[in-house]
Amino acid sequence: MVQKAKTSKNTVISVISIVIFLILLSAFLIGMYSTTVKEAEVTVTDGILSIKGMYGEEYDISGITDITLKESLPVITRKTNGAGLGDIKKGDYDTKELGVCRLQIHDEKNPPYIYINTDK
């Protein structure tokens with residue numbers, strides 16, 4: 001009788017632990033998804049170009065060497081650190097033409113694209 005009670009208690013604890021884990025995992029995945037699909041906010045204030053959002057960064061305007069508008073993206077060979085979800089590409093990607101670069105692409109099939117080169 002005592003053994004059956006212990007087994008039942010262990011089963012309840014296991015089920016509760018799994019449910020809590022699944023709830024936390026779901027909350028994490030929903031948070032990551034919503035952060036990934038949100039478009040970056042771009043502002044220029046006091047000589048700083050600020051890209052806010054997932055994998056956003058700030059750039060001193062004096063360090064920008066070139067800004068170009070292009071109709072195509074570089075050929076991506078692999079993602080080194082970032083988020084890729086369908087046509088969304090955010091983070092550091094290795095490209096054939098440019099090497100490793102930071103992408104903030106919200107819709108891969110919607111040109112034109114702004115290329116910003118810095119002295120880094």
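The accessible surface of the protein comes to about 8,800 Å², and 60% of that area belongs to carbon and sulfur atoms; areas of this kind come from the Shrake-Rupley method with a 1.4 Å probe, and for residues only the protein chains shown count as cover. The structure is a predicted model, in which local features need pLDDT of at least 70 and side-chain atom pairs count only at pLDDT 80 or more, while totals for chains, interfaces and linings use all residues. Residues are numbered from 1 along each chain as its sequence is written, and side-chain values use heavy atoms, with hydrogens and water left out.

The protein holds 1 helix and 8 strands, and along the sequence these follow the pattern α-β-β-β-β-β-β-β-β. Helices (H or I, at least four residues) and strands (E, at least two) are DSSP runs, numbered from the N terminus. With a radius of gyration of 22 Å, well over the 14 Å that the globule rule gives for 120 residues, the protein is more spread out than a compact globule; the radius is taken over C-alpha atoms, and the rule is 2.2 Å times the number of residues to the power 0.38. Taken along the principal axes, the box filled by the C-alpha atoms is roughly 80 × 35 × 25 Å.

Of the 120 residues, 19% count as buried, where buried means under 20% relative accessible area, exposed over 50%, and partly exposed in between (1.4 Å probe, protein chains only). Among contacts (heavy atoms within 4.5 Å) between residues at least 6 apart in sequence, 43% join residues at least 24 apart.

In soluble globular proteins, nonpolar side chains tend to be buried together. Here the largest nonpolar core has 6 residues in all, namely Y93, C101, L103, I105, Y113 and Y115. Strands β7 (99-105) and β8 (113-118) each supply at least two residues of this core, and the largest share, 3 residues, comes from β7. A nonpolar core is a set of buried Ala, Val, Leu, Ile, Met, Phe, Trp, Tyr and Cys residues joined through side-chain atoms within 4.5 Å. One member of the core, Y113, touches T68, L69, K70, E71, S72, L73, I105, D107 and E108, not counting residues up to four places away in sequence.

The loops deserve a separate look. Most residues other than glycine have a negative phi, and most peptide bonds are trans. In the loop between β7 and β8 lies P112, and the peptide bond from P111 to P112 is cis, with omega near 5 degrees. D46, in the loop between β1 (41-45) and β2, has a positive phi of about 50 degrees although it is not a glycine, and D46 is exposed, with a relative accessible area of 75%.

Y55, which is not a glycine either, has a positive phi of about 60 degrees and is placed in the loop between β2 and β3; at 26% relative accessibility, Y55 counts as partly exposed. The loop between β2 (48-52) and β3 (57-60) also holds G56, which is partly exposed at 29% relative accessibility. Leaving aside neighbours within four places in sequence, G56 is in contact with I51, R102 and Q104.
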